[in-house]
Amino acid sequence: MLVIYINEQKLEIEPGSNLQQAVELYINQNQSVKLGNIALVINQNIIPSSFWQSRRCQNQDSIEIFTAVAGG
């Protein structure tokens, strides 16, 4: 198993998992986050959504999920 951190929460994932899979697993465990309208930062680098499926997670990756907030 690989250990990664999403929003500072430890998460164990299968080796070879991609970013999309890791984030979906996190979201399934944390219903307060929705997959739409989020941005991801891994180890302080913004990862465009077009790379989420091709980017493989590495042990000890630190992922931050940012949610767009609209206001008036």
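## Surface and burial

The accessible surface of the protein chain comes to about 4800 Å², and 48% of this area belongs to carbon and sulfur atoms. Accessible areas were computed with the Shrake-Rupley method and a 1.4 Å probe; for residues, only the protein chains shown count as cover. Of the 72 residues of the protein chain, 36% count as buried. Buried means under 20% relative accessible area, exposed means over 50%, and partly exposed lies in between (1.4 Å probe, protein chains only).

## Basis of the values

This is a predicted model, in which local features need pLDDT of at least 70 and side-chain atom pairs count only at pLDDT 80 or more, while totals for chains, interfaces and linings use all residues. Residues are numbered from 1 along each chain as its sequence is written, and side-chain values use heavy atoms, with hydrogens and water left out.

## Fold and dimensions

The protein chain has one helix and five strands, in the order β-β-α-β-β-β from the N terminus on. Helices (H or I, at least four residues) and strands (E, at least two) are DSSP runs, numbered from the N terminus.

Along the principal axes, the C-alpha atoms of the protein chain fill a box of roughly 45 × 25 × 20 Å. Among contacts in the protein chain between residues at least 6 apart in sequence, 47% join residues at least 24 apart; contact means heavy atoms within 4.5 Å.

## Charges and the salt bridge

The protein chain carries 4 positive and 6 negative side chains, and the centres of the two sets lie 4 Å apart. Lys and Arg count as positive and Asp and Glu as negative, without His and the chain ends; each charge is placed at NZ of Lys, CZ of Arg, CG of Asp or CD of Glu.

A salt bridge is a side-chain nitrogen of Lys or Arg within 4 Å of a carboxyl oxygen of Asp or Glu. The count by this rule is one salt bridge. Arginine 55 forms a salt bridge with aspartate 61, with the closest N and O atoms 2.6 Å apart. Arginine 55 is partly exposed, at 21% relative accessible area, whereas aspartate 61 is buried, at 3%.

## Methionine 1

Methionine 1 is found in the segment before strand E1 (2–6) and is exposed, with a relative accessible area of 56%. Not counting residues up to four places away in sequence, methionine 1 touches Glu12, Ile13, Glu14 and Pro15. Methionine 1 and glutamate 64 are 63 residues apart in sequence and 20 Å apart in space, C-alpha to C-alpha.
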